[in-house]
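Please keep the sequence and the 3D view open as you read.

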Amino acid sequence: MASFKQLKLFVDKELDQCLRNVVRPFTEHVYFPETPIDPLGIEKHHQESQLQTLSISDTLACATCQVQFTERPEQTIHFKSDWHRFNLKRKLRNQPPFSSEKFEDMEKDISSISGSDSSADDLSDTENSFNASNDGSYNSCARNNPKIVLTLNDGRHLSFYRCLLHGKKNFPQESQELIITAQRLPLCVYWCVVMAAGGHFAIALFERDKIIQHKTFHKYIIRAKQGSAQSAHDQKTGGKARSAGANLRRQNMLHLKQKIQELFISLKSEMQRCSLIFVRAPSFNQQLLFSDKNAPLSTTDPRIRSIPFATLRPTFSEIKRVYDQLTKMELYPEDYQFQKVEQEKSSITKTKLSIAKKTTADSSSDSEDNSDDENEQPTAKQTVKKQPIVPPTPTDRKILPAEDLTVFNELFTACRLNDTQRFDDIISRLRVLKTIEKFPSTIDILNYQTAGSLDTLLHITSERGHLKLIQRLLNEGADLALANQRGKYPYNLCKNKETKEIFRLFRNDNPDKYDYNLGQVAPSITTEELERQRIVERDRRRQTKKRRTDKQRSDQERQLREQEEEEQRAAFLALSDVEKRTLAVHMNFETNKRDELHLGRCWQCAKKISDEPFTYFDYKFCSTACLKAHRTKTKTSV
């Protein structure tokens with residue numbers, strides 16, 4: 001079979017001729033199905049009226065898939081399934097839902113409904129098979145396939161990245177619009193590539209295959225050993241971090257945003273000429289380009305396109321690689337079989353997997369055969385890795401009849417809502433029904449493990465910190481040695497210290513009721529010891545609060561003294577030398593020191609003088625610099 005030929009835009013003239021000869025997309029009927037148009041908006045009005053009449057149902061059912069459930073966890077698992085998500089997509093397109101049997105039959109033909117493992121063989125399937133997986137819409141095909149295949153007038157096929165023709169928000173409505181855009185692609189000679197990630201920023205402007213301008217810079221905004229930006233951490237925690245590093249990263253974030261805005265302002269005329277702008281800004285980095293009022297780029301700009309493949313750190317070399325990748329196109333001959341190629345790829349992959357499995361099996365068998373030889377050579381060093389201890393997950397989950405599941409659901413709701421009154425009423429009702437034959441005991445219902453997560457009522461209350469309900473469950477016989485699907489016991493899920501103290505106190509009062517070591521409960525503690533620890537903790541907090549209060553009071557007094565001193569200095573500096581002399585005479589007359597004129601402050605800066613002052617004539621100074629400044633000032637005034 002003939003192979004394809006790789007061409008590059010703006011370099012190979014043959015590619016320009018091929019783009020002018022585009023006649024239709026490959027398998028056009030799959031990409032652009034005939035859809036009815038509602039010019040009067042009747043369907044839209046009907047949907048709005050349905051939204052206004054929606055109400056929340058109390059039954060355990062799914063209105064989308066038209067099924068009912070007996071347990072709440074079973075309903076939760078259904079909402080996360082591929083079957084439910086697939087029917088939701090069909091409901092948005094006003095299509096009837098698939099039954100579970102029909103969905104399973106269809107699932108055998110496609111790899112995954114919710115994944116992105118689609119390949120080129122989806123393009124060459126029949127119309128019916130494509131509609132079964134993606135309902136035949138161009139939007140779904142564009143999401144799953146980053147490249148598009150166009151057919152030329154001579155029967156050959158041309159493949160390139162779909163983002164060169166349109167963005168994610170402006171899908172073409174008909175195939176002719178797609179063809180016209182592809183034919184005009186050689187005329188779009190001005191491109192721009194922008195990349196921002198992890199404090200690194202890079203931009204480059206291209207004219208055909210030449211770089212007009214480029215700029216790269218970096219700021220420290222990523223938290224060390226955390227892998228997230230300081231701004232993203234502040235959004236989660238409310239900006240509680242007040243360390244020097246956190247403040248530095250926040251300041252760098254502002255500088256980075258300001259620097260990017262200034263750069264785009266300087267490149268405004270060049271950016272206006274660009275026909276295509278390719279942007280790579282994952283997660284929080286989008287606020288550098290789009291979120292601000294004076295944002296450099298706008299999300300409504302039709303020129304904005306996302307880069308459809310993985311990229312590395314934003315650098316100048318990476319931008320050149322991205323541009324080179326975007327401009328590469330593949331030209332396939334007329335008899336090229338896309339489906340067969342994909343089948344060959346899948347068969348090669350399966351062959352490699354089988355070889356790898358066989359190699360692993362052979363190596364394991366060889367290791368078993370050579371174990372005796374290794375035992376005979378004790379000099380050889382053997383390193384044995386310690387395997388982590390994983391709590392055993394229960395496999396003998398009990399199943400309750402339907403009428404008892406209703407009681408469990410009521411208890412489940414009471415535990416989630418921390419409704420002690422409702423819980424007591426249900427337990428008292430169960431005690432009355434104990435006398436009836438063939439009715440399960442209260443312990444069986446309390447220790448029932450939900451489907452999927454295998455959580456008990458004690459797991460639910462421990463995770464939410466409902467102290468009263470935990471005490472009631474332990475007294476009624478809820479086993480704390482039952483692990484859930486993750487291998488966690490109720491004590492491991494305790495929300496706070498007070499919740500753990502409930503288990504420890506119960507262990508002290510009932511040492512033989514449960515297997516506390518299996519449930520990983522901490523050693524028991526008496527009420528007196530717990531009260532003693534609380535008193536110590538209360539005293540420690542009181543001392544800490546007292547120290548904090550004393551420090552605040554001392555800081556306030558110091559600030560008042562500094563403020564008063566500043567006011568006295570300002571008043572002293574406002575006096576002239578004659579007024580200072582007069583004030584000194586009055587102070588010396590009151591203190592009976594008539595032999596010298598000393599105010600205790602520097603005559604130049606009004607600072608208090610604690611040591612022996614520097615003097616000339618009757619003036620006193622705190623330093624030689626003040627003395628020199630005063631002498632110069634006196635000479636100038638004279």
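Helices here are DSSP runs of H or I with at least four residues, numbered from the N terminus. With that in hand, look at helix α13, which covers residues 316–326. Glu 318 and Arg 321 both sit in this helix, three residues apart, or about one turn. Their side chains meet in a salt bridge, with 2.7 Å from N to O. Is Glu 318 buried or exposed? Glu 318 counts as buried because its relative accessibility is 5%, and buried means under 20%. Arg 321, at 33%, is partly exposed.

Which elements mark the two ends of the range? Strand β8 (residues 200–207) has the highest mean pLDDT, 94, while helix α7 (residues 127–134) has the lowest, 36.

Two stretches call for caution. Over residues 110–136 the pLDDT stays under 50, and the model has 46 contacts for them beyond four places in sequence. Over residues 363–390 the pLDDT is also below 50, and here the model shows one contact beyond near neighbours in sequence. Where pLDDT is low, the predicted coordinates should not be read in detail.

Now back to the charged side chains. Side chains of opposite charge can pair when their charged atoms come close. How many salt bridges are there in the model? The count comes to 21.

One of them joins Asp 82 to Arg 85, with the closest N and O atoms 2.4 Å apart. Both residues belong to helix α5 (residues 82–92), and because they are three residues apart, about one helical turn separates them. Asp 82 is partly exposed at 22% relative accessibility, and Arg 85 is partly exposed too, with a relative accessible area of 33%.

Another salt bridge pairs Arg 429 with Glu 410, at 2.8 Å from N to O. This pair links distant parts of the chain: Arg 429 lies in helix α17 (residues 420–433) and Glu 410 in helix α16 (residues 402–417), 19 residues apart. Arg 429 has a relative accessible area of 38% and is partly exposed; Glu 410, at 23%, counts as partly exposed as well.

Finally, find Lys 5, Glu 14, Asp 154 and Arg 156 in your view: salt bridges link these residues in a network.

Conventions. Residues are numbered from 1 along each chain as its sequence is written. This is a predicted model: local features need pLDDT of at least 70, side-chain atom pairs count only at pLDDT 80 or more; totals for chains, interfaces and linings use all residues. Side-chain values use heavy atoms; hydrogens and water are left out. pLDDT is the predictor's confidence in each residue, from 0 to 100. Contact means heavy atoms within 4.5 Å. A salt bridge is a side-chain nitrogen of Lys or Arg within 4 Å of a carboxyl oxygen of Asp or Glu. Buried means under 20% relative accessible area, exposed over 50%, partly exposed in between (1.4 Å probe, protein chains only).
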